[in-house]
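Trainee: Hi! Could you walk me through this structure? I'm new to it.

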Amino acid sequence: MAMVMARAENARALLQPNDEEDEAFLAKARENRAQRIQSEVAKEKKYVNDTGYKQDEPTAKVQLAVYKLSKSGAQIASGNLSDAASELGKGDWVTYAVDGAKALNASSDGSDFASSVKALEKACENGDDAAAKSAYRASAEALKALAASAGVADKLRLL
């Protein structure tokens with residue numbers, strides 16, 4: 001029995017201390033993490049400014065529409081029509097996109113885009129896969145036309 005206890009004592013001597021209970025270690029780890037995050041944010045901002053990806057507010061509103069439409073398109077492609085309908089119905093992103101395009105002096109009033117998105121949302125709510133895919137293509141084309149009429153089609157990502 002004494003032999004077993006001696007081996008157990010030797011084994012405990014090899015164990016590493018529990019760093020989660022060391023407050024100074026945890027504080028230093030948190031500080032290092034905060035510094036890394038700040039460094040990454042600074043690098044991202046520098047990259048955006050250096051590459052010219054920074055957008056003005058009206059262009060960003062149209063970019064948001066590209067993002068939302070793209071996200072719903074991915075859900076339609078995977079057969080999640082109810083999720084796509086939910087995504088399409090969240091917020092006033094269609095109005096923001098149209099307002100953004102108008103602020104950029106778009107020659108289009110955006111009604112084609114707004115009506116095509118409504119048709120897309122309705123097709124998704126009804127669970128009609130073929131109609132949803134067709135309406136998605138129409139919405140994407142209407143958004144491209146809106147962006148082109150506003151002169152920002154070349155500035156948008158994923159369009």
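Trainee: Is Lys 90 buried, exposed or partly exposed, and what is its relative accessible area?
Mentor: Lys 90 is partly exposed, with a relative accessible area of 45%. Here buried means under 20% relative accessible area, exposed means over 50%, and partly exposed lies in between, using a 1.4 Å probe and protein chains only. Before we go on, this is a predicted model, where local features need pLDDT of at least 70, side-chain atom pairs count only at pLDDT 80 or more, and totals for chains, interfaces and linings use all residues. Residues are numbered from 1 along each chain as its sequence is written, and side-chain values use heavy atoms, with hydrogens and water left out.

Trainee: Thanks! Which residue does Lys 90 form a salt bridge with?
Mentor: Its partner is Glu 87, and the closest N and O atoms are 3.7 Å apart. A salt bridge is a side-chain nitrogen of Lys or Arg within 4 Å of a carboxyl oxygen of Asp or Glu.

Trainee: Which residues are linked with Lys 90 in a network of salt bridges?
Mentor: Lys 68, Lys 71 and Glu 87 are linked with Lys 90 in that network. Lys 68 meets Glu 87 with the closest N and O atoms 2.8 Å apart. Lys 68 lies in helix α3 and Glu 87 in helix α4, so this pair ties together parts that are 19 residues apart in sequence. Lys 71 also forms a salt bridge with Glu 87, at 3.6 Å from N to O.

Trainee: Let's zoom out. How many helices and strands does the chain have?
Mentor: There are seven helices and zero strands. Both are DSSP runs numbered from the N terminus: helices are H or I with at least four residues, and strands are E with at least two. Of the 159 residues of the chain, 28% count as buried.

Trainee: What about the inside? Which residues touch the most other members of the largest nonpolar core?
Mentor: Leu 69, Trp 93, Phe 113 and Cys 124 do, in a core of 30 residues. A nonpolar core is a set of buried Ala, Val, Leu, Ile, Met, Phe, Trp, Tyr and Cys residues joined through side-chain atoms within 4.5 Å.

Trainee: Which elements give two or more residues to this core?
Mentor: They are α3 (57–77), α4 (81–89), α5, α6 and α7 (129–150). Of these, α7 gives the most, with eight residues.

Trainee: What is Cys 124 in contact with?
Mentor: Leaving aside neighbours within four places in sequence, Cys 124 is in contact with Ile 76, Leu 81, Ala 84, Ala 85, Leu 88 and Ala 132. Contact means heavy atoms within 4.5 Å.

Trainee: You mentioned Trp 93 and Phe 113. Why is their pair called edge-to-face?
Mentor: Their ring centres are 6.2 Å apart and their planes are at 70 degrees, so the pair is edge-to-face. The rule is that rings of Phe, Tyr and Trp (its six-membered ring) pair if their centres lie within 6.5 Å; planes under 30 degrees apart count as stacked, over 60 as edge-to-face and the rest as tilted. Trp 93 sits in helix α5 (residues 93–103) and Phe 113 in helix α6 (residues 111–126), 20 residues apart. Both Trp 93 and Phe 113 are buried.

Trainee: One more spot: where is Thr 59 found?
Mentor: Thr 59 is in helix α3. Thr 59 is buried, with a relative accessible area of 2%. Apart from neighbours within four places in sequence, Thr 59 is in contact with Leu 104, Val 152, Lys 155 and Leu 156.
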